[in-house]
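Please read the following note with the sequence and the model side by side.

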Amino acid sequence: MKPAAAFRVGQGFDWHRLAEGLPFRLGGVTLESPVGAQAHSDGDALLHALTDAILGALALGDIGDFFPPSDPQWRDADSALFVNGAMRQAQQRGYELINVDATVFLEAPKLGPYKRAMAQTIAQLLQIEDDCVSVKAKTAEQLGPLGRCEAVAASVTVLMMTTTAAISRP
């Protein structure tokens with residue numbers, strides 16, 4: 001059998017409907033907004049996509065396999081718990097996270113004032129340097145549910161490296 005891959009890439013995606021009067025958490029940061037994400041947990045689409053990216057890099061499925069919305073213990077849960085659970089899976093398998101590249105799709109509120117705080121919060125959560133986390137924001141140019149301010153979406157790519165296998169070079 002071949003040894004475990006020295007590097008693994010994972011990709012995650014999540015989106016949630018927005019509704020008035022709900023708190024809006026994104027990347028572990030609370031946004032000032034009249035709307036928030038509808039979800040079983042806190043609805044943090046960015047941390048949900050990050051969780052999926054980590055689990056995907058490890059070929060372990062997705063967030064619903066580990067934290068099903070049918071389980072009442074995850075009701076209103078802080079999504080940092082999901083990221084921590086995915087990172088425990090990585091550590092148990094001998095992998096560490098190298099970097100995160102995230103894109104959030106949201107028409108409003110504008111994320112410029114929040115991107116740095118989100119990147120820093122994610123870096124702290126993952127115990128990596130701030131410059132290893134990129135958070136970008138895109139609008140949907142008024143197209144579809146994202147463009148009509150009905151939803152928020154996030155896409156995340158992660159690079160992971162084994163902590164146990166030596167990398168051979170030719």
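**Note on the predicted model**

1. A search of the whole structure finds 5 aromatic pairs; rings of Phe, Tyr and Trp (its six-membered ring) pair if their centres lie within 6.5 Å, and planes under 30 degrees apart count as stacked, over 60 as edge-to-face and the rest as tilted. The pair of Phe 13 and Trp 15 is tilted, because the ring centres are 6.3 Å apart and the planes stand at 50°. Phe 67 and Trp 74 form an edge-to-face pair, with 5.0 Å from centre to centre and 85° between the planes.

2. The model is predicted: local features need pLDDT of at least 70, side-chain atom pairs count only at pLDDT 80 or more, and totals for chains, interfaces and linings use all residues. Residues are numbered from 1 along each chain as its sequence is written, and side-chain values use heavy atoms, with hydrogens and water left out.

3. Are the residues of these two pairs buried or exposed? Buried means under 20% relative accessible area, exposed over 50%, and partly exposed in between (1.4 Å probe, protein chains only). Phe 13 has a relative accessible area of 44% and is therefore partly exposed; Trp 15, at 46%, is also partly exposed. Phe 67 and Trp 74 are both buried.

4. An open sheet of 5 strands has the order β4-β1-β7-β5-β6, with mixed pairing. Helices (H or I, at least four residues) and strands (E, at least two) are DSSP runs, numbered from the N terminus, and two strands pair if DSSP finds at least two bridges between them. The edge strands, β4 (35–37) and β6, each pair on one side only. Strand β1 (residues 7–20) runs antiparallel to β7 and is joined to it by 11 bridges. Phe 13 has Ser 155 in β7 as its bridge partner.

5. Helix α1 packs on the sheet and touches β1, β5, β6 and β7, its direction making about 155° with that of β1. Helix α4 lies across β5 and β6, running at about 145° to β6. Contact means heavy atoms within 4.5 Å; axes are lines fitted to C-alpha atoms, for helices over the stretch in contact, and angles run from 0 to 180 degrees between N-to-C directions.

6. The largest nonpolar core has 42 residues, and Leu 26, Leu 46, Leu 50, Ile 54, Leu 126 and Val 158 have the most contacts inside it. Such a core is a set of buried Ala, Val, Leu, Ile, Met, Phe, Trp, Tyr and Cys residues joined through side-chain atoms within 4.5 Å. Helix α1 gives the most to this core, with 9 residues. Apart from it lies another core of 5 residues, among them Ile 63, Trp 74, Ala 77 and Phe 82.

7. Some backbone details deserve attention. Most residues other than glycine have a negative phi, and most peptide bonds are trans. Ala 59 has a positive phi near 60°; this residue lies in the loop between α1 (45–57) and α2 (63–66) and counts as exposed because its relative accessibility is 64%. Cys 149 also has a positive phi near 60°, and lies in the loop between α5 and β7 (151–162). The peptide bond from Ala 108 to Pro 109 is cis, with omega near 0°, and Pro 109 is found in the loop between β5 (95–105) and α4 (115–126).
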